[in-house]
Each structure stands twice: as structure tokens, then as C-alpha cells.
Amino acid sequence: MSLESVRQFFASRRLEIAIIELDVSTATVAEAAAAHGVEPGRIAKTLAFRLADGRDVILVARGDARIDNRKFKDAFGKGKMLPPEEVEAITGHPVGGVCPFGLARELPVYLDQSIRAFDEVLPAAGAVHSAVRISPAQLGEVTAGEWVDVCQAFG
């Protein structure tokens, strides 16, 4: 159903974004990068957090990024990454296929500046063998995402 919710999300917005479905798992950044023939940074991983105020949020970051605890706290206050069973319950997507599209319920989407290093990134599309190719700018528009800087610096 998760992959279908992403299809419906795109269709309801009249978006011509092709969903790439592969015969191999793309559930981890390493698997996705190998399957799509791109560097790990281009894989846009979607993480789910519960903030100290009780809000659940989605954060999309480059695949090789690490959260900078100080920057995260400055942007959101305290928060914890959700365990896999809660991630699927609030997003409607299995871990490894979590994406900011077609969510089970409305969640604030935040996009880390780190993905702007690329002209195109590949977030999952609701299943552990799916993805889309999308520019960071379009990703921001499609998800109504807010840009933040919460990952460790690169380069």
C-alpha cells in the first residue's frame, strides 16, 4: 500500500515523477547507491524524529550525512529518532522505503541543506526497492518542506 500511496500523492498533484522500481533492495543507503549507480550522498534518506514537545517530524538528508547534535538541538530542541515500528506506523512506509511523499498522516517535512550539493537526489518511494529522481528544489516544492541545517558539514 505504501508504494501506492506515493503514486496517489503524485497523481493528486499532477506530478510527472516516475517511480523507479528495482528487483533488488534499496533499503539502505549503500544498497540504494549501488543499485542506482550513484554516490551515497545522492541518496536522500528520510528520517523520523519525535521532538521533546511531542511533535513527530520528517527530515530528509543526503545519504552520507550525519546529524550534528548541536545543530539539531538549535533547530528543533531535543528530539529522538523513532524506532522502526513507530516509523512505519506514523509514515505508512516500511523502514528502507520511508519517504516524504504519500504519508499516512500529515507530518512537517524538513530538508537538510546537505542535499542542495546535488542537482538530483534519489529518495525512496514507499517501498524497499523503489525511488524517484528529483531535484532538491522540486523536492522542497512537492513536500512543502522547510530547509534546515542540522547535519555535519561536508568537504
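Reply: Start with Glu86, which is partly exposed, with a relative accessible area of 29%. Keep in mind that this is a predicted model.

Me: What does Glu86 form a salt bridge with?

Reply: Arg50. The closest N and O atoms of Glu86 and Arg50 are 2.7 Å apart.

Me: Where do Glu86 and Arg50 lie?

Reply: Glu86 is in helix H4 and Arg50 is in strand E2. The two parts are 36 residues apart in sequence, so the pair ties them together.

Me: Which residue forms a salt bridge with Arg50 at 2.6 Å?

Reply: Asp56. That distance is between the closest N and O atoms.

Me: How many salt bridges does the count come to?

Reply: 12. One of them joins the side chains of Asp64 and Arg62, at 2.6 Å from N to O.

Me: And how accessible are Asp64 and Arg62?

Reply: Asp64 counts as partly exposed, at 34% relative accessibility. Arg62 is buried, with a relative accessible area of 10%.

Me: Let's move to the strands. How many residues of strand E3 are buried?

Reply: Seven of the seven, over residues 56-62. So strand E3 is largely enclosed by the rest of the structure.

Me: How do E2 and E3 run, parallel or antiparallel?

Reply: E2, residues 43-51, runs antiparallel to E3. Seven bridges join them. Among the bridge partners, Lys45 goes with Ala61 in E3.

Me: What about the hairpin of E2 and E3?

Reply: Four residues sit between the strands. In this hairpin Gly54 takes a positive phi near 95°.

Me: In which sense do E3 and E5 pair?

Reply: Parallel, over three bridges. Strand E5 covers residues 109-112. Within this pairing, Ile58 has Val109 of E5 as its bridge partner.

Me: New topic, pockets. What space lies in the largest pocket?

Reply: About 370 Å³. Its lining has 25 residues.

Me: Which of them lie nearest the centre?

Reply: Ala27, Lys45, Thr46, Leu47 and Gly96.

Me: Which element gives the most to the lining of the largest pocket?

Reply: E2, with six residues. Helix H2 (29-36), helix H4 (84-91), strand E6 (122-123) and strand E7 (130-131) also supply at least two residues each.

Me: How do the lining residues of the largest pocket divide?

Reply: There are 17 nonpolar, seven polar and one charged.

Me: And what volume does the second largest pocket have?

Reply: About 270 Å³. It is lined by 13 residues, and the closest to its centre are Phe9, Arg13, Leu103, Glu106 and Leu107.

Me: How does the lining of the second largest pocket divide?

Reply: Eight residues are nonpolar, two are polar and three are charged.

Me: Last one. Where does Leu22 lie?

Reply: In the loop between strand E1 (20-21) and H2. Leu22 is partly exposed, with a relative accessible area of 23%.

Me: What separates the C-alpha atoms of Leu22 and Lys80?

Reply: 31 Å. Along the chain, Leu22 and Lys80 are 58 residues apart.

How values were computed: Residues are numbered from 1 along each chain as its sequence is written. This is a predicted model: local features need pLDDT of at least 70, side-chain atom pairs count only at pLDDT 80 or more; totals for chains, interfaces and linings use all residues. Side-chain values use heavy atoms; hydrogens and water are left out. Buried means under 20% relative accessible area, exposed over 50%, partly exposed in between (1.4 Å probe, protein chains only). Two strands pair if DSSP finds at least two bridges between them. On a 1 Å grid over the protein atoms alone, a cavity is a set of points where a 1.4 Å probe fits but cannot get out, and a pocket is an open set with protein on both sides within 12 Å along at least five of seven lines; lining residues have an atom within 4 Å of a point. Grid points are joined across faces, edges and corners, and a volume is the space filled by probe spheres set on the points. Ala, Val, Leu, Ile, Met, Phe, Trp, Tyr, Cys and Pro count as nonpolar, Asp, Glu, Lys and Arg as charged, and the others, Gly among them, as polar. A salt bridge is a side-chain nitrogen of Lys or Arg within 4 Å of a carboxyl oxygen of Asp or Glu.
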